[in-house]
Amino acid sequence: MKGKHEKAGSPAAVVRASLWMVSLLLVIVLLGTLLGGIVLQLISDQRLHERVATDAEVLQEQEARLEKTIDRLAEEYSFDARRVREELSRDTLISMNQQAVNWWMNLARSGKAAEIPQWDGDQIWNALMEDEAFLAAQEGGLARKNASDVVYAISNTLTRQVFPLREELLTEGIDFLGRRIDLGSVLLDLRKLPLLLGICSLALIGLIVLLSGGRRAVRNRFLGGAVGGAGILLALGVAAFRLINLSGMAGEASRRFGLQIRILERMVTIEGLVLVALLAGAACFCFLSGRGREKDGRHA
Amino acid sequence: MNTERGQHSLGRGWLLALSLALPVMLLLGFAVLRWGKLFLNLIHVLMKLVVIA
């Protein structure tokens, strides 16, 4: 008697196989939507990049490097290092970091590399020209030239701190790509990809609803299965992302770049884990809400 | 009784989720084993090229 009920309540083998296939497709599309969303955020979320660029740890590292450069130059050119350090406030650093983020955002939106941010350093030049010890130490009217050299060295260090990439190589690479493909439209299409995949997900959910033929228990089990499957894969993806150790690789190339990548890695991991928890919760909700209906259906 | 049924539904559900994730996992696992090292080396070289120490 019980077997009869189960047979009547469960879809035929072909329908079940179709449901499994559609759910598998839904897993792939959902995973693509989530990963695409994360990648898109990594490329074009200005606030995320600003948070990384103006993180206290990053700013401290940049300040320490700048202080070293200023101290070395102060020894060489005999100026008051403290006075020059005062001109290079944290606000200047934050503003330069934000300009570097704007450079990146411009590249991510238009596919064209603008000029990298430069700091004019007028305040430092003025401070040096008011520094009596510095003026006294320069012989034969070299004060202006040496002040310009100091400003250039500090400005160069500052630019490298906020923009630790080889500009010429990047520009060449972007130009090379730009000659072959329309980078602007490719980036625009990329931005639409998660939305398109999201629409595909909705269509597949609709197909599952149709194939389940009004059996809420079956529909919820397969929907929950697809969401749970995407969650399992995303959890594995997050684990793999941590195992790759991108920050270690970046750290080998440049310590401060490694630091920025580590912060970015931490943010992506937290976001990934929150998404995994949400997917697991949604899957459990589907499984458990289907259970009540299954019970009702059997009694109907 | 209710808890038992709930656990049973969850168990069945997660088993289905695992069966759906497994083919993709195998496919991605194969891709990672086949091209993962090459991809990582490429990222490594690119970083060393583009990033200023």
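Residues are numbered from 1 along each chain as its sequence is written, while chains are lettered from A and ligands numbered from 1 in the order in which they are written. In this predicted model, local features need pLDDT of at least 70 and side-chain atom pairs count only at pLDDT 80 or more, whereas totals for chains, interfaces and linings use all residues.

Chain A is assigned domain 1 (2–47 + 194–299) and domain 2 (49–179); such bounds come from an automatic or database domain assignment. Taken over C-alpha atoms, the centres of domain 1 and domain 2 of chain A are separated by 45 Å. Twelve residues of domain 1 of chain A are in contact with 15 residues of domain 2 of chain A, where contact requires that the C-beta atoms of two residues, placed from the backbone, lie within 7 Å. On the side of domain 1 of chain A that touches domain 2 of chain A, the elements giving two or more residues are helix H2 (13–44), helix H3 (46–53) and helix H14 (255–299) of chain A. Helices (H or I, at least four residues) and strands (E, at least two) are DSSP runs, numbered from the N terminus. H14(A) gives the most to this side, with six residues. By class, this side of domain 1 of chain A has five nonpolar, four polar and three charged residues. Ala, Val, Leu, Ile, Met, Phe, Trp, Tyr, Cys and Pro count as nonpolar, Asp, Glu, Lys and Arg as charged, and the others, Gly among them, as polar.

Two packed helices are described by the angle between their axes and the distance between the axes. Axes are lines fitted to C-alpha atoms, for helices over the stretch in contact, and angles run from 0 to 180 degrees between N-to-C directions. The axes of H2(A) and helix H12 (residues 216–244) of chain A come within 8 Å and cross at roughly 40 degrees, so H2(A) and H12(A) are oblique to each other. Angles under 35 degrees count as roughly parallel, over 145 as roughly antiparallel, 65 to 115 as roughly perpendicular and the rest as oblique. Residues of H2(A) in this contact include Leu19(A), Ser23(A) and Leu26(A), and those of H12(A) include Phe222(A), Gly225(A) and Ala226(A). The contact of H2(A) with H12(A) divides into 13 nonpolar, four polar and no charged residues.

H12(A) also packs with helix H11 (residues 183–211) of chain A, at an angle of about 150 degrees and with axes 9 Å apart. H11(A) is therefore roughly antiparallel to H12(A). Here Ile205(A), Ile208(A) and Val209(A) in H11(A) meet Arg219(A), Phe222(A) and Leu223(A) in H12(A).

In another pair, helix H4 (residues 56–77) and helix H9 (residues 143–162) of chain A pack at about 165 degrees, with axes 10 Å apart. H4(A) and H9(A) are therefore roughly antiparallel. Their contact has eight nonpolar, five polar and one charged residues.

Chain B has one helix and zero strands. Its radius of gyration, taken over C-alpha atoms, is 21 Å, whereas a compact globule of 53 residues would have one near 10 Å; the globule rule is 2.2 Å times the number of residues to the power 0.38. The contact between the chains takes 24 residues from chain B and 31 residues from chain A. On the side of chain B that touches chain A, 18 residues are nonpolar, four polar and two charged.
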